[in-house]
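Let's take a look at charged side chains that pair up. Have the sequence and the 3D view open while you read.

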Amino acid sequence: MSSQPIDEDGFHSIAWDDAPSSRAVISPSSPFDEDVGEGFETISQPTSESQDGGAGAASASTATVTGSRRDRQGSVEVDPGEWNGRWMSIEVREPVKEHEGSKDMYVSYAVKTQTNLCTFPNKLVVVRRRFQDFEFLREHLVKAFPACVVPPIPDKHRLEYIKGDRFGPEFIERRRLDLQRFADRIARHPTLQRSQLVNDFLQSTEWTVAKHHHISHPPPESHISLMDSLSDKFINAFSSVRKPDGRFVEMLEDLERFEEGLVSVERLVGRGKTRVDDLSTDYQDMAAAYQGLGYLESGITDPLNRFAEKMLDFSALLKHMNQSTVEPFLIQSHSLLAYANSHRNVIKLRDQKQLDFEELSAYLSAIVSERDRLAALNTGHSAAPVGLGTYLRDQVDKLRGTDDIHTRRERIRKLDGRIKELQDAVTTAHETSTAFSDEVLKEHKVFELSKKEEMKEILQTYADGQVEMLQRAMDDWDRIIPLLQRIRVDV
């Protein structure tokens, strides 16, 4: 199957839809052509806050724009010359408790979308969605696009659900950030971002109706009824492909190295966070000791108390740095690990498609060999050597008196029909495996670009937080040093 640019392939699932799409089609310029740079290039976006009434400016999120970079204030600069001027920004913000005080209480989030993709009739729209809606979106994207790396979202099995604290402000904000990362990855993905399901999720004012429509019109199932009937016989979840594709073996190895490296970084940063918490407590204890010393030394009580205050300030600064810089770093890196695991699952699914093809081919070969053996016996020729199972079956047939030429002809006729079915199944399995492999190669490029962007953002935010903390600490200590230097000690 010849590969097409990603903007032209109009598929809805891996069971390829050959009919032309009735939806608007993006101009045929793929963001993954050979001239793509190292990452998403800077493109600029028209300011549309005036249309939104400026709502939510105080809760600016980390919404992603396809092909854009964001400054530290959160504003997006877009260059229309890049990516043919296409961009998408999704913001998850303004959580609100609905039906507060009742047993049906839940939290909804404002989802603001700005885009110039021609598949979206509204270029700026704000809707409200709850967590279950995000779950529905992801679940059905996985079904509709099995070859795509659909980003993960956090599940509900958290301690807050057991403790009953899932409506606390800290939990709600943490979940909002998790959903924002999910939305960012959807906005970056050139296939998912323009799917009809995402379109309805981001824009539909009748979301309940749209959900029922998607439930009642599921994507076409992947191939083959015959292969499904045979799967219990020869497809083993613990089997491995006989002829591994080096490209995907390398992908898995790269993912393993990335995950190992990121886990090591997480471990070191977590250990550093614990030590900084301990150091903050030590500074508090030291401040209390200096305050006690100041009461004993009446001549320098004020300088010592000021010094103790600065120690308390520095202790609070360390805690703030852990909360505002280190904890988000750990959460984001853990989320990136979950995203990498989703990519790993897609590669494993591709291996399963190849295994389906290989096992079907082997089964077809065995059936053809059996048919040729029976044909040779009918013509009086010696048949090829057979396995123990076939030999025992032949001996049983002889004892029963069913090993005659008429019986063999009937078996040959049935095997011919089976061979025809298997040949069609092998052809379809091969096409499916090849198409799936092509899509996984594209998905790997999408994942790599997204990973680079996220790693840059994570590390830059972490470094900026460290630098800001150290700069503030230096300024504080610079102000207290002259006061300490004015202390005179009589010898």
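A residue is called buried when its relative accessible area is under 20%, exposed when it is over 50%, and partly exposed in between. Keep in mind that this model is predicted.

**A pair across the chain: D416 and R371**
- D416 and R371 form a salt bridge, with 2.8 Å between their closest N and O atoms.
- This pair links distant parts of the chain, 45 residues apart: D416 sits in helix α10 (residues 405-485), while R371 belongs to helix α8 (residues 301-378).
- R371 has a relative accessibility of 26%, so it counts as partly exposed.
- D416 comes out at 34%, so this residue is partly exposed too.

**A pair of chain neighbours: D351 and R350**
- The side chains of D351 and R350 also meet in a salt bridge, at 2.7 Å from N to O.
- R350 is buried, because its relative accessible area is 2%.
- D351 is partly exposed, because its relative accessibility is 21%.

- Between R93 and E94, the closest N and O atoms are 3.7 Å apart.
- Is R93 buried or exposed? R93 is buried, with a relative accessible area of 2%.
- E94, on the other hand, is partly exposed, with a value of 27%.

Terms used
Residues numbered from 1 in each chain as written. Predicted model: local features only at pLDDT ≥ 70, side-chain atom pairs only at ≥ 80, totals over all residues. Heavy atoms only, no water. Salt bridge = Lys/Arg side-chain N within 4 Å of Asp/Glu carboxyl O. Buried < 20%, exposed > 50% of the residue type's maximum accessible area, 1.4 Å probe, protein only. Helix = DSSP H or I, 4+ residues; strand = E, 2+ residues; numbered from the N terminus.
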